[in-house]
Amino acid sequence: MHEEKDAISAGMKAPRAGAIAGILFSVLLIISLVLIRLSVPDSPRDPGTWLSHSVKSIRLALDLLPFAGIAFLWFMGVLRDRMGAHEDRFLATVFLGSGLLFLAITFTSSAITGGFMVAYETIPGKLMEFGVYTFARTQAYELVNVYGLRMAGVFMFSTCTLAIRIRIFPRWIALLGYVLGLFLLLSIGRFGWAPLVFPLWTLIISVYVLFANFRAKPAQGRDVIAPVL
């Protein structure tokens, strides 16, 4: 009896932990993206004037990103754990690979941005004169708006397919994910606020699962299927 209760408790806590991690990731990434978008021009051809008056807000955004990444790793880990024996190896590989690549690209872009910010404080004139800023700025822009968004779109497609197969979350959220994922794949560099789509979609999933998990009550004398994440 005690073992059964412990198993039920663990099953209820796992999706709750994943939902909280997803909410934390979404909130931190949204804050970071909004700060960056409001401080840095959308075009990579900008002259770099923002470096002289937006340093504090950009540094705050870059400081939040590692914690968002940690929460995203937790979110993926709990999601994959909940797949259990139903895990599709092909989709799970695409899911895991695209998620990790998204994080790697995000961290790389952040490191490049932080690097040329420090370089500007040290040698502002030479940084602009020799084209170092333009090169680094373009690299950071391409990483996020081309490769990062595409990996986010692939992650959404694989997650939605898994959700439909093993009922991780409702079909309407999965269908919404397909539409938004396609939007990310096709809107590369065309909409400055496009990166916000991914954390907002993750927030919808996490909030739904968190509330669904709190509503779920273990039934006595039978197996319980709690909302999973």
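H5 and H6 are roughly antiparallel to each other (an angle over 145 degrees), because they pack at about 160 degrees, with their axes 8 Å apart. Axes are lines fitted to C-alpha atoms over the stretch in contact, and angles run from 0 to 180 degrees between N-to-C directions. Helices are DSSP runs (H or I, at least four residues), numbered from the N terminus. The model is predicted: local features need pLDDT of at least 70, side-chain atom pairs count only at pLDDT 80 or more, and totals for chains, interfaces and linings use all residues. Residues are numbered from 1 along each chain as its sequence is written, and side-chain values use heavy atoms, without hydrogens and water.

H5 passes H6, which comprises residues 171-186, in a left-handed crossing, the near helix being turned anticlockwise from the far one by less than a right angle. Residues in contact (heavy atoms within 4.5 Å) include Leu149, Gly153 and Phe157 of H5 and Ile173, Gly177 and Leu184 of H6. The contact divides into 13 nonpolar, four polar and two charged residues; Ala, Val, Leu, Ile, Met, Phe, Trp, Tyr, Cys and Pro count as nonpolar, Asp, Glu, Lys and Arg as charged, and the others, Gly among them, as polar.

H5 also meets H3 (residues 89-122): their axes come within 8 Å and cross at roughly 160 degrees. That makes H3 roughly antiparallel to H5. Their contact has 19 nonpolar, ten polar and two charged residues, and their crossing is left-handed.

H5 itself bends by about 35 degrees at Gly148, and is followed by Arg167, whose phi is positive, near 60 degrees.

Key: Bend = angle between axes of the 7 residues up to and from the residue. Helix = DSSP H or I, 4+ residues; strand = E, 2+ residues; numbered from the N terminus. Parallel < 35°, antiparallel > 145°, perpendicular 65-115°, else oblique.
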